[in-house]
Amino acid sequence: MSWILTFVFIFSGFDVKTYAIIFSMCQVINIGASCFLSTPKGHLKAMKKKHRIIPSVLYILMIIITIVIAVATEIRGLVLLCVILLTVCYYWYTISFIPFGTKILKKVCGACFDFE
């Protein structure tokens, strides 16, 4: 739903505020949808774990920042940058729930960007 909304936003004259609010609500729905794996209380408890706290906080902050930037500035490019950063935070947050996911991601990124 988020990606379809993004394509509509890019290729039409869609309102920036509306886009940011709907996209951010889609991200909140993503968090809610992941609660079916455990209870909402269990999911919140899992978000507070040591290896997951930074991705969780950044993900939630990017949701808020995206809405604030869209409402305050209405600059399409800046909102799109926030959406890209929000998507990166979402994937990092999601990978943190996979056993050894962040360690594997760090190794892959290290191998991809190793210039020695």
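A crossing is left-handed if the near helix is turned anticlockwise from the far one by less than a right angle, and right-handed if clockwise. The legends below cover a predicted model, in which local features need pLDDT of at least 70, side-chain atom pairs count only at pLDDT 80 or more, and totals for chains, interfaces and linings use all residues. Residues are numbered from 1 along each chain as its sequence is written, and side-chain values use heavy atoms, with hydrogens and water left out.

Figure 1. The protein chain has six helices and zero strands. Helices (H or I, at least four residues) and strands (E, at least two) are DSSP runs, numbered from the N terminus. The C-alpha trace spans about 45 × 40 × 25 Å along its principal axes. Of the 116 residues, 29% count as buried. Buried means under 20% relative accessible area, exposed over 50%, and partly exposed in between (1.4 Å probe, protein chains only). Among contacts between residues at least 6 apart in sequence, 66% join residues at least 24 apart. Contact means heavy atoms within 4.5 Å.

**Figure 2. Helix α2 packed on helix α4.** Two packed helices are described by the angle between their axes and the distance between the axes. Here α2 (residues 16-34) and α4 (residues 53-73) pack at about 165°, with axes 8 Å apart. That makes α2 roughly antiparallel to α4. Axes are lines fitted to C-alpha atoms, for helices over the stretch in contact, and angles run from 0 to 180 degrees between N-to-C directions. Angles under 35 degrees count as roughly parallel, over 145 as roughly antiparallel, 65 to 115 as roughly perpendicular and the rest as oblique. The crossing of α2 and α4 is left-handed. From α2, the residues V16, K17, A20, I21, S24, Q27, V28, N30 and I31 meet Y59, I63, T66, I67, A70 and V71 of α4. The residues of this contact divide into 10 nonpolar, four polar and one charged. Ala, Val, Leu, Ile, Met, Phe, Trp, Tyr, Cys and Pro count as nonpolar, Asp, Glu, Lys and Arg as charged, and the others, Gly among them, as polar.

**Figure 3. T66 in helix α4.** T66 counts as buried because its relative accessibility is 0%. Leaving aside neighbours within four places in sequence, T66 is in contact with A20, S24, C82, V83 and L86.

**Figure 4. Helix α1 against helix α2.** The axes of α1 (residues 2-10) and α2 come within 10 Å and cross at roughly 170°. The two helices are therefore roughly antiparallel to each other. S2, L5, T6 and F9 of α1 make the contact with V16, Y19, I22, F23, C26 and Q27 of α2. Seven of the contact residues are nonpolar, three are polar and none is charged.

**Figure 5. T87 in helix α5.** T87 counts as buried because its relative accessibility is 13%. Its side chain reaches the backbone oxygen of V83 at 2.8 Å. Leaving aside neighbours within four places in sequence, T87 is in contact with W3 and F23.

**Figure 6. W92 in helix α5 (residues 76-95).** W92 counts as partly exposed because its relative accessibility is 31%. Leaving aside neighbours within four places in sequence, W92 is in contact with I54, P55, L58 and T102. W92 and R52 are 40 residues apart in sequence and 9.3 Å apart in space, C-alpha to C-alpha.

Terms used: Polar contact = N/O pair within 3.5 Å; in protein donor to acceptor, adjacent residues only side chain to side chain.
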